[in-house]
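Subject: Structure handover

Hello,

Here is the structure for you to look through. My notes on what turned up follow below it.

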Amino acid sequence: MAAAEMLRITDLHSFYGESHILHGVDLQVGRGEVVALLGRNGAGRTTLLKSIMGLVGRRTGRIVVNGRETIDMPTHRIAALGLGYCPEERAIFSTLSCEENLMLPPVLRGGGFSVEDVYGMFPNLRERRASQGTRLSGGEQQMLAIGRILRTGAQLLLLDEISEGLAPVIVIALDACIRSLKDRGYTIILVEQNFEFAAGLADRVYVMENGRIAESLRANELEAKAGLVQRYLGV
Amino acid sequence: MSEIFGIPVPVLAGQLMLGLVNGSFYAMLSLGLAVIFGLLNVINFSHGTMYMMGAYAAWMLMNWLGVGYWWSLAIVPVVMALVGIAVERLFLRWIYHLDHLYGLLLTIGFAWVMEGVYRDQFGSGGQSYPAPDSLAGVTDLGFMILPDYRGWVVLASLGTCFATWYLIERTRLGAYLRAATENPRIVQAFGINVPLMLTLTYGFGIALAGLAGVLAAPVIQVTPLMGSNVIIVVFAVVVIGGLGSILGAIVSGIALGLLEGLTKVLYPEASSTVVFVVMALVLLFKPAGLFGKEE
């Protein structure tokens, strides 16, 4: 089991300035697994993804990616270990065209998508390749934000709220996209507000509350414990 | 055909040419400021001082080591880039997380210290630096006599500005720079060494200032205060062009140099204020600058 481990987080504490956001998070993700992080807004899920990337003010504990301790690494070195981060705000660059956005992240290692592969998965992007990045529709921008981290050869994808605010037909397309990435052996951590979307894709689910992991469930336990999960997510 | 607005054509053309030469320096300096501000969020008040140091570096190379103009043109930008890299590594790096104001204060302090050092060393009288022999002559254009060196300055600076524009707007390296200007953290999360980019960008901006200093040395008095004299106008140029706009910095640099030259002929009393009048008008009607994007 140890050889198949992609990510192990032990007793992670994260801070923004004086605010202490994560309070001792423990989490493991196996190679090829799809894991969903559920929880209310402010539970610490986005901060957990940012902590993995080294994008918080300060972090303590252990974050081992593919056998490498990353807690003291700068963000760009962490990324080079094969992490692809798709932030909640999508961060499409307005001064770059669609294709420039797509081509921006450098290829970190072999085995990534080619540009043709990305266009194959998201044909809309091919049609919009010359458009200014931020002129794309919300769904197209989301596809672009996912597509551009597939080119890098990253094997561990951190996807923050990718279904948020999108039309059902786009969400269905993203669902198919995640399934296809899973079939290709990608390891994926999904931060989701949309329980249905996440539950349909994830092998396992972590529920976060107040900067801690409150529950850890396997996909086959979700139905039986749906009431418990809904209590954590309910307002 | 010998007079326009009652002014002899050679006089008008001569002043416009001087304006174009000044505009070339404005463009190169405001371009560096724009690139630095865009990526580092630092208002680099020491930019004029770096320009002065570039001119003195050429002077020192010639008078102390016997190195001529053309070699200086290549060596000085490299030396100034190293100075910039050292300043970024030793000082600026520590204040990125603070308000703009601190970068401004730090670079003002650096400017004053260096000016003091140069005044102590060279006095405030100024040194002269000869144009290279191959450009010491003049060309008769028919309507005016053009000193060759001035023509060269305009060509060299336009070439440099165009090359910089191309590098930033049309290449992959430039795409990193544009993206990091918008959202440095995400660019770093893509695996790009953004801290190194900041260092090299600052070095590049300072190299441009140093290059402008070498180009300027034969056409102006090389004095410790030459940077302070020009930097205020250059800041006005940046504001008029639009903070952070590459094209804006180049176009308004050249245009305002020409406008100054024209004003010297038509109404000399206003020639030193015309840039600031334009700045006030631009701020009034288009606060983001002529080429800036409205937020």
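Arg178(B) and Glu100(A) meet through their side chains in a salt bridge, at 3.1 Å from N to O. The term stands for a side-chain nitrogen of Lys or Arg within 4 Å of a carboxyl oxygen of Asp or Glu. Across the interface of chain A and chain B, the rule finds 1 salt bridge.

Before going on, a word on the source. This is a predicted model, where local features need pLDDT of at least 70 and side-chain atom pairs count only at pLDDT 80 or more, while totals for chains, interfaces and linings use all residues. Residues are numbered from 1 along each chain as its sequence is written, chains are lettered from A and ligands numbered from 1 in the order in which they are written, and side-chain values use heavy atoms, with hydrogens and water left out.

Chain A against chain B

How many residues of chain A are in contact with chain B? There are 25, and they touch 18 residues of chain B. Contact here means heavy atoms within 4.5 Å. The two chains bury about 1,800 Å² between them, and carbon and sulfur atoms give 61% of that. Buried area is the accessible area (1.4 Å probe) that two parts lose on being put together, summed over both. Three residues stand out on chain A: His76(A), Phe93(A) and Leu104(A) supply 33% of the area that chain A buries against chain B, more than any other three residues.

Between chain A and chain B, 8 residue pairs are in polar contact, both residues at pLDDT 80 or more. Such a contact is a pair of N or O atoms within 3.5 Å; within protein, one must be able to donate a hydrogen and the other to accept it, and residues adjacent in sequence count only if both atoms are side-chain atoms.

On the side of chain A that touches chain B, the elements giving two or more residues are α2 (75–80), α3 (98–103) and α6 (138–150) of chain A. Helices (H or I, at least four residues) and strands (E, at least two) are DSSP runs, numbered from the N terminus. α2(A) gives the most to this side, with 3 residues.

Two domains in chain A

In contact are 16 residues of domain 1 and 15 residues of domain 2. Together the domains bury about 1,200 Å², 67% of it on carbon and sulfur atoms. The count of salt bridges between them is 0. The rule does find 2 residue pairs in polar contact there.

Strands in chain A

One open sheet has 4 strands in the order β2-β1-β4-β5 (chain A), with antiparallel pairing. Why is one side of β2 (19–30) and of β5 (68–69) left without a neighbour in the sheet? Both strands of chain A stand at the edges, each with a single partner strand, so one side of each has no neighbour in the sheet. Two strands pair if DSSP finds at least two bridges between them. β1 (residues 5–16) and β4 (residues 58–65) of chain A pair in the antiparallel sense over 7 bridges. There, Leu7(A) has Val65(A) in β4(A) as its bridge partner.

Best wishes
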